[in-house]
Amino acid sequence: MCIVKTCGIPLDGSGAPGKGPLDWERLYAEFTANVTDGDCATLCRRGPDGLGACCDGARLTLIVFRDELAWARQRTRGWRGGRPRTPAERKGVAAWADHVAWARCLRPRQCDRPYRSLTCRLFPLEPHLDAAGGFLGLTYVYEAARLCPLIGRQLSVRQAFVDQSAAVWRQILATYPEERACYVRASRQLRSRFARHGRAIRLWRSTDGFVF
Ligand code: SF4
Ligand code: SF4
């Protein structure tokens, strides 16, 4: 399962072993940039007291790394691992790779921001890879376009967010080859779909232009 995707692409098990767990302490400390200036939840709340769509467990499944879950358990009560409740959820989770886990946000109205999950921080962009696994840039999680009003619109995404996200993806793809294999496949499918409809995929590159 690609970590921030909601489409449930099963993995084919390809890829060499990764380099080991990420340095979660450092990663959480360094990845602080927001996707937009201001609070983008004002764009997607249902009513004045509503939750931002990506914080609403009823609308978006929270998928985390298993290593991350173990590390975060000692540090935050904001979210925790859980079990899928419905047959459809259980069926979806059964297709996921072992390195990711189901999680649930416990206090979506009082976010423990320093300890919000990596998935929370990365949404709504994901890597777009070529057929050989090379990084072409970050793109929207287009599958979530009905959920997140930032996706596919001409709203500005902060360059600091792009730079920090790209740096994190560099580490994820080096650590979890399953993720690279998943995004190679997801990117190929996205290109085919967009080509059929004559659409262009929106891409962002990090300032350092680093390719991974
Ligand atoms: S769903 Fe999109 S617009 Fe709404 S809070 Fe999440 S990132 Fe912001
Ligand atoms: S941890 Fe924070 S950002 Fe993540 S779903 Fe909960 S409230 Fe939203």
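Predicted model: local features only at pLDDT ≥ 70, side-chain atom pairs only at ≥ 80, totals over all residues.
View 1. Across the protein chain the average pLDDT is 88, and 89% of the residues score at least 70.

**View 2. Helix α3 and strand β4, the two ends of the confidence range in the protein chain.** Helix α3, residues 87-94, has the lowest confidence, with a mean of 85. Strand β4, residues 125-129, has the highest, at 97.

**View 3. The open sheet of three strands.** The sheet is made of 3 strands in the order β1-β3-β2, with antiparallel pairing. Strands β1 (62-65) and β2 (79-81) stand at the edges with a single partner strand each, so one side of each has no neighbour in the sheet. On average, neighbouring strands are turned by 45° against each other, direction ignored. Strands of a sheet pair through backbone hydrogen bonds, in a parallel or an antiparallel manner.

**View 4. Strand β1, its partner β3 and helix α2.** An antiparallel pairing over 4 bridges joins β1 to strand β3 (residues 100-105). Within this pair of strands, L62 stands opposite A103 in β3. Helix α2, residues 66-73, packs on the sheet and touches β1, β2 and β3. The direction of helix α2 makes about 90° with that of β1.

**View 5. Side chains of strand β1.** L62 and V64 point one way from β1, whereas I63 and F65 point the other way. All four residues are buried, that is, each has 20 or more other C-beta atoms within 10 Å of its own. In a regular strand, side chains alternate between the two faces of the sheet.

**View 6. L136 in strand β5.** L136 is found in strand β5, which covers residues 135-140. L136 counts as partly exposed because 15 other C-beta atoms lie within 10 Å, a number between the limits of 12 or fewer for exposed and 20 or more for buried. Leaving aside neighbours within four places in sequence, L136 is in contact with H128, L129, D130 and L203. L203 is 67 residues from L136 along the chain, yet the C-alpha atoms of the two are separated by 7.7 Å.

Note on methods. Residues numbered from 1 in each chain as written. Chains lettered and ligands numbered in written order. pLDDT = per-residue confidence, 0-100. Pairing = 2+ DSSP bridges. Axes fitted to C-alpha atoms, helices over the stretch in contact; angles between N-to-C directions. Contact = placed C-beta atoms within 7 Å.
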